[in-house]
Amino acid sequence: MLESFQIIISLLDSTIRIATPLIFCAMAGIFSERSGIIDIGLEGKMLLSAFVAATATFLTGSPILGLFGAILASCSASLIHGFACITNKGDQVISGLAINILASGLTITLGIALFSRGGQTPPLASEQRFMPIDFPFLDQLSFVPVLGELFVEVISGHNVLVYLSVLAVFFTYYVIFKTRFGLRLRAVGEKPEAVDTAGISVIKMRYQSILIAGMLCGLAGAYLSIAHGAGFGREMSAGKGYIALAAMIFGKWNPIPTLFACLLFGFLEALGVRLEGVELIWIGEVPVQVMQALPYVLTVVLLAGFIGKARAPGAIGVPYSKES
Amino acid sequence: MSDSNIIPKWLSVGVIPLMNLFLAFCVSGLFIFFIGENPFRAIFVMIKGAFYYPGAIGYTLYYTTNFIFTGLAVALAFHARLFNIGGEGQAYVGGLGVGLVCLIFDQHVMGFLVTILAILGSVIFGAIWGIIPGYLQAKRGSHIVITTIMFNFIAAALMVYLLVNVIIEPGQMSPETRDFASGVGLVQIHIFAKYLGLEMAMSPLNLSFIGALTVSVGFWFLVWRTKFGYELRSLGHSETAAIYAGIKVSSTIIIVMAISGGLAGLVAINELLGVHNKLLLGFTAGYGFTGIAVALMGRNHPFGIFLASLLFGALYQGGTELDFEFSSITREMVLLIQGLIILFSGALAYMLNPLVERFYLKYYGSINSA
């Protein structure tokens, strides 16, 4: 009993660590896609900002500057995306894909040119990273059974970006559903003509949305390389941007359900690692690849309408021109 | 997005794509310059690596073969306005088809027959991996872009599982199957040349290249000379018009995705039957994604795709030479160039149109109207 409790605690703990970058990216995806811009480029923006975060932190010694660098890099990628598919009305999927491939090539090329370490950045010392924060009253609380342990092991002891990711969810929810800006943003994604008729610039709204998305992806990247990890490794984002995309669809473009989708996908990955080499009764050993594929399979099943219906914003993927 | 109808075709199909490509190379050159190397020397090294050394052309054409297959796969779907990002996964699963056929039959059936069955296997397995997203798009309304992305990841997980746990050669550490029996496979061109008494440098170029050229001609015929090609292009121009014309939209989508997946699956014959002679992890190496760049650059026409594949083949082969000649730039530079080509030739394809239109009207328009 006690042992299985320990296992659950450690599973929940790693779930949160794995889910954090997914949450940032999925919220970024919501901002972008709710305004009508498909964002396949989450992966690339996260990778690029992870690289810039680690590089800037290594060169300046300050993780705060690293974080700003990450946000700047990610927003620049967003602006390229915007220039291609808002200003020039190019294809949004192609543009996102270009950003992903560009980010892969750019991070490795620059990494090798700057540090000659095969694409990695030099390791960062702990004072150059966002380190785990311990909450106050831990000692007193640890005596409380179950809840105390849950607090000490799962809630407390993460780095600041983990807590920020939870804030990002509420921020996204508040901005999109409770502000005038959010109302306009959703309208731009559903019926841009209507927003245009009301005298609001569709172009400006969409640029603002993808810039917010850029900032959030920057936080995800910084989490990978200067908070959770201690430096950048090539292809470090490893498909997390696509999982976030899946989580966003799974959460039906709504922040709170998307948060739970991210946690679910994080939990599946944590469970997969945990179950490696373990024989389960009735089932036998569950291959880790099943757990890896499950988020994608679930998303495909959901999209196909077998469990509820996921409906994308109405004007998604369509460039806006005033004349037509 | 459509071509301008102000400027003549030779400008919109010939000059503007070349200008976009030129822009992509200029930006790549700027990156090389900022890294502190000479961009012109890098180009020189790559051209030499792709064409000059013995066997270099063979390697270039071997890469070209892969890109023709994946480029055609993406292009066919584009003609029906479907965006198949799943070429990578379809090629990977196509490899499973090749592997299974060879492992099951190669001890019992003569090599020639096994090879033909294996080629069929690659097409059928690739097609299956295209049909499922096609079906989900046609009948359940799932967005094909998202499903094909998801299917790439599902394919990767499936292949790792099978190669690590099921079809791995017993007693072997690295995740790959045993070698196929010796009679199985496609002849490499340099061996073929030797039979004819010609001396050619060794390279992995094999009969798949001829296959790719044949398939390109078939592609042209299918898209522009058959009823089905007409239907899929109508669907690409306007779905409502296609419905009014009595075209069965869902079955067309599914068949297009089947053929597209099958084309991507053919990468496996070049890689597995032509070169590796076994099924191994990650043999697709991003060729499926490069196919998107190839299709965009080649304007979805087989001849354009051939030229674009040749360019990418040269970039891939020439890129390996960068590793030897430079200390600070490597073959990953090619990935950067590829990203920029997708950006300029794809997402920004029509950026230059207004500029060229203005120039054209200024210098030729007055002559025409006079």
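pLDDT is the predictor's confidence in each residue, from 0 to 100. Helices (H or I, at least four residues) and strands (E, at least two) are DSSP runs, numbered from the N terminus.

**Entry 1: ground rules.** I am reading a predicted model, where local features need pLDDT of at least 70 and side-chain atom pairs count only at pLDDT 80 or more, while totals for chains, interfaces and linings use all residues. Residues are numbered from 1 along each chain as its sequence is written, chains are lettered from A and ligands numbered from 1 in the order in which they are written, and side-chain values use heavy atoms, with hydrogens and water left out.

**Entry 2: confidence in chain B.** I looked up the average first. Chain B has a mean pLDDT of 92, and 97% of its residues score at least 70. Within chain B, helix H8 (residues 208-225) scores highest at 98, and helix H16 (residues 353-369) lowest at a mean of 77. My reminder: where pLDDT is low, the predicted coordinates should not be read in detail.

**Entry 3: the A-B interface.** I counted contacts (heavy atoms within 4.5 Å). Chain A brings 41 residues to the contact and chain B brings 40. Next I took buried area, the accessible area (1.4 Å probe) that two parts lose on being put together, summed over both. The two chains, A and B, bury about 3500 Å² between them, with 83% of it on carbon and sulfur atoms. On the chain A side, A:Ile94, A:Ile101 and A:Gln289 lose the most area to chain B, together 16% of what that side buries.

I then checked polar links. A polar contact is a pair of N or O atoms within 3.5 Å; within protein, one must be able to donate a hydrogen and the other to accept it, and residues adjacent in sequence count only if both atoms are side-chain atoms. I find 3 residue pairs in polar contact between chain A and chain B (both at pLDDT 80 or more). Four helices of chain A, H3 (63-87), H4 (92-115), H11 (240-250) and H13 (288-303), each supply at least two residues of the side that touches chain B. H4(A) gives the largest share of that side, 15 residues.

**Entry 4: salt bridges.** My rule is a side-chain nitrogen of Lys or Arg within 4 Å of a carboxyl oxygen of Asp or Glu. Over all chains the count is 9 salt bridges. Between chain A and chain B there is 1. There, B:Glu332 and A:Arg234 meet at 2.7 Å, N to O.

For accessibility I use buried for under 20% relative accessible area, exposed for over 50%, and partly exposed in between (1.4 Å probe, protein chains only). A:Lys45 pairs with A:Asp39 in a salt bridge, closest N and O atoms 2.8 Å apart. A:Lys45 is buried at 1%, and A:Asp39 is buried at 1%.

In chain B, B:Asp106 and B:Arg178 form a salt bridge at 3.1 Å, N to O. B:Asp106 sits in the loop between H4 (87-105) and H5 (111-140) of chain B and B:Arg178 in the loop between H6 (144-166) and H7 (189-195), so the pair ties together parts 72 residues apart in sequence. B:Asp106 is buried at 7%; B:Arg178 is partly exposed at 24%.

**Entry 5: positive phi.** I looked for non-glycine cases. A:Trp253 has a positive phi of about 60 degrees. A:Trp253 lies in the loop between H11 and H12 (255-275) of chain A and is buried at 5%.
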